[in-house]
Amino acid sequence: MDLYESARAMALALRPDQSIYCFHPKMLTRDAKAFVEGFSGKTAYAVKTNGEPFVLKTVAEAGITCFDVASPAEFAAVRAAAPNAEMLYMHPVKAQSDIRLALETYGIRTLALDHEDEVAKILRIVRALDLNPGDITLFVRIATKGHAAYELSRKFGAAPGHAVELLQRIDRIGFKCGLCFHVGSQIEEAETYERALASADWVRGRAGVELAGLDLGGGFPAEYGHDPRRKAPPTPSTAAILRTLKSDIVEWGFDGLPLVAEPGRAICARSISLVVRVLLKKGRRLYINDGIWSSLSDSWTGKITLPARHIPDPARRRRNGDPSKIVPFKVCGATCDSVDILSRPFWLPETVDTGDWIEIGHIGAYSLALRTHFNGFYPDTIVEVETAFHEEEGAPESFASIETMAD
Ligand SMILES: *Cc1c(COP(=O)(O)O)cnc(C)c1O
């Protein structure tokens, strides 16, 4: 990976027409270590957030020895990057052949589920491989309610009463029992975890089985941008959430149990920024060389506001407008698809123009992972930078807006 002083230095040196990811390994190490230190249980990095080999390696070197995986490709990626790491197979709905691969080839001994038919699938493989159920922990995923940018309980999770039955069933078979939840991604209030802990406590009380662990899932928020005309939204920091969690865990009596958390976004978001080029300025529209089918699908949902910084092309001699006036630009993506338009504008100096670059910060989560080859655009150049997005001199000149811009 080529090394540059900053994303700006890279843009001015390479004058890239393709979008380029700028990786800051020290930031990834710092955020991984901060999570491990702030959480009183085991930290399992959620591989789906960003499963690139350089990310997995850096996370492992930072001291994370456990990974939350969901598919054979993720098992293989973790095995390659961190051969001795433990894997937790926390997808509640799994193919029979994938369960076999997990248990037989990868030695995985922790799995999640939210339905009795999944217990039957796992038991079939356990019997076929002549494994001892007592060596395997099955985490029953409970549905939770809360406020997150992406709510997931509509898809996965057993209602509390059902979770009680599942725990009793897997206990009778002889598996070790765990409880887990995943409150969604980018949670917006710390109480979300407390409500989930209350549910877990209710299920534990009714089930009357011995628990081998509690897994709190992911959802810990990363820092993003906001509309410069408005006050920053009151999303708590992950550090603050971890402090609150510590006392909530004691309060609900879970401090005696082995705990697990599965952070994704909170660990890798800040470590990567993306430099895109303005291919054309058409009034208040910017046509860029990336978009919702490449690195920006996460923002396309309209829930997340990515911070942006203007990198003017020094080759442009004449500019119109006032560089101190920050205005919203509608951002159109690279593909020919008419839905490839970001739902929130980028706030940039009025003077931004064709040929300039924009550095989009905190894009490490769900960006590289969600790239497609649609229309032939596939950003795949990664460089290393010594200065992280928010550490560069001067704050980003602008932020993408919270509001949807009127056409
Ligand atoms: C996606 C996912 C995570 C990671 O979520 P973040 O919001 O990125 O922290 C953790 N656990 C499970 C089960 C997931 O599906």
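User: Where do domain bounds come from?
Analyst: Domain bounds come from an automatic or database domain assignment. Keep in mind that this is a predicted model.

User: OK. How is the chain divided?
Analyst: Into domain 1 and domain 2. Domain 1 takes residues 3–21 together with 272–391. Domain 2 covers 40–262.

User: What separates the centres of domain 1 and domain 2?
Analyst: A distance of 34 Å, with the centres taken over C-alpha atoms.

User: And how many residues are in contact between domain 1 and domain 2?
Analyst: On the domain 1 side, 18 residues. They are in contact with 16 residues of domain 2.

User: How is the size of an interface often given?
Analyst: As the accessible area lost when the parts come together. For domain 1 and domain 2, the buried area is about 1500 Å². Carbon and sulfur atoms give 62% of that area.

User: How many salt bridges does the rule find across the interface of domain 1 and domain 2?
Analyst: The rule finds 1. As for polar contacts between domain 1 and domain 2, the count is 4 residue pairs, with both residues at pLDDT 80 or more.

User: By class, what is on the side of domain 1 that touches domain 2?
Analyst: That side has 11 nonpolar residues. It also has 4 polar and 3 charged ones.

User: Let's stay with salt bridges. What does the count come to by this rule?
Analyst: It comes to 17 salt bridges. One is between Arg270 and Asp31, with the closest N and O atoms 2.7 Å apart.

User: Where do Arg270 and Asp31 sit in the chain?
Analyst: In distant parts, 239 residues apart. Arg270 is in the loop between helix H10 (265–268) and E13. Asp31 is in helix H2, residues 25–38.

User: Asp31: buried or exposed?
Analyst: Buried. Its relative accessible area is 10%, and buried means under 20%.

User: What about Glu52 and Arg371, how do their side chains meet?
Analyst: In a salt bridge, at 3.1 Å from N to O.

User: Now Lys121 and Glu118. How many residues apart are they in helix H6?
Analyst: They are 3 residues apart in helix H6 (residues 116–128), so about one helical turn separates them. Lys121 and Glu118 are both buried.

User: Which residue forms a salt bridge with Arg277?
Analyst: Asp313 does, and the closest N and O atoms are 3.6 Å apart. Arg277 lies in strand E13. Asp313 lies in the loop between strand E15 (307–311) and strand E16 (326–332). The two are 36 residues apart in sequence, so the pair ties those parts together.

User: What network do Arg277 and Asp313 belong to?
Analyst: One that also includes Arg15 and Asp17. These residues are joined by salt bridges that share partners. Arg277 and Asp313 are both buried, too.

User: Switching topic. Where is Ser273 found?
Analyst: In strand E13, which spans residues 272–282. Ser273 has 4% relative accessibility, so it counts as buried.

User: Which side chain does a polar contact join to that of Ser273?
Analyst: The side chain of Glu359, at 2.6 Å. Leaving aside neighbours within four places in sequence, Ser273 is in contact with several residues, including Ala7, Tyr21, Ile363 and Phe389.

User: Next, Leu296. What is its relative accessibility?
Analyst: It is 0%, so Leu296 counts as buried. Its place is in the loop between strand E14 (285–288) and helix H11 (297–300).

User: Which residues is Leu296 in contact with, leaving aside neighbours within four places in sequence?
Analyst: Among them are Leu274, Ile288, Leu306, Leu342, Ile360 and Ile363. Asp290 and Gly291 are also in contact with Leu296.

User: And how far apart are Leu296 and Tyr366 in space?
Analyst: 8.5 Å, C-alpha to C-alpha. In sequence they are 70 residues apart.

User: Last topic, backbone angles. What is the phi of Gln186?
Analyst: It is positive, about 55 degrees, although Gln186 is not a glycine. Gln186 lies in strand E10, residues 185–187. It is buried, with a relative accessible area of 8%.

User: What value is phi of His362 near?
Analyst: It is near 55 degrees, a positive value in a residue other than glycine. His362 lies in the loop between strand E18 (357–360) and strand E19 (381–385).

User: Is that His362 buried or exposed?
Analyst: His362 counts as buried, at 5% relative accessibility.

Conventions: Residues are numbered from 1 along each chain as its sequence is written. Side-chain values use heavy atoms; hydrogens and water are left out. Contact means heavy atoms within 4.5 Å. Buried area is the accessible area (1.4 Å probe) that two parts lose on being put together, summed over both. A salt bridge is a side-chain nitrogen of Lys or Arg within 4 Å of a carboxyl oxygen of Asp or Glu. A polar contact is a pair of N or O atoms within 3.5 Å; within protein, one must be able to donate a hydrogen and the other to accept it, and residues adjacent in sequence count only if both atoms are side-chain atoms. Ala, Val, Leu, Ile, Met, Phe, Trp, Tyr, Cys and Pro count as nonpolar, Asp, Glu, Lys and Arg as charged, and the others, Gly among them, as polar. Helices (H or I, at least four residues) and strands (E, at least two) are DSSP runs, numbered from the N terminus. Buried means under 20% relative accessible area, exposed over 50%, partly exposed in between (1.4 Å probe, protein chains only).
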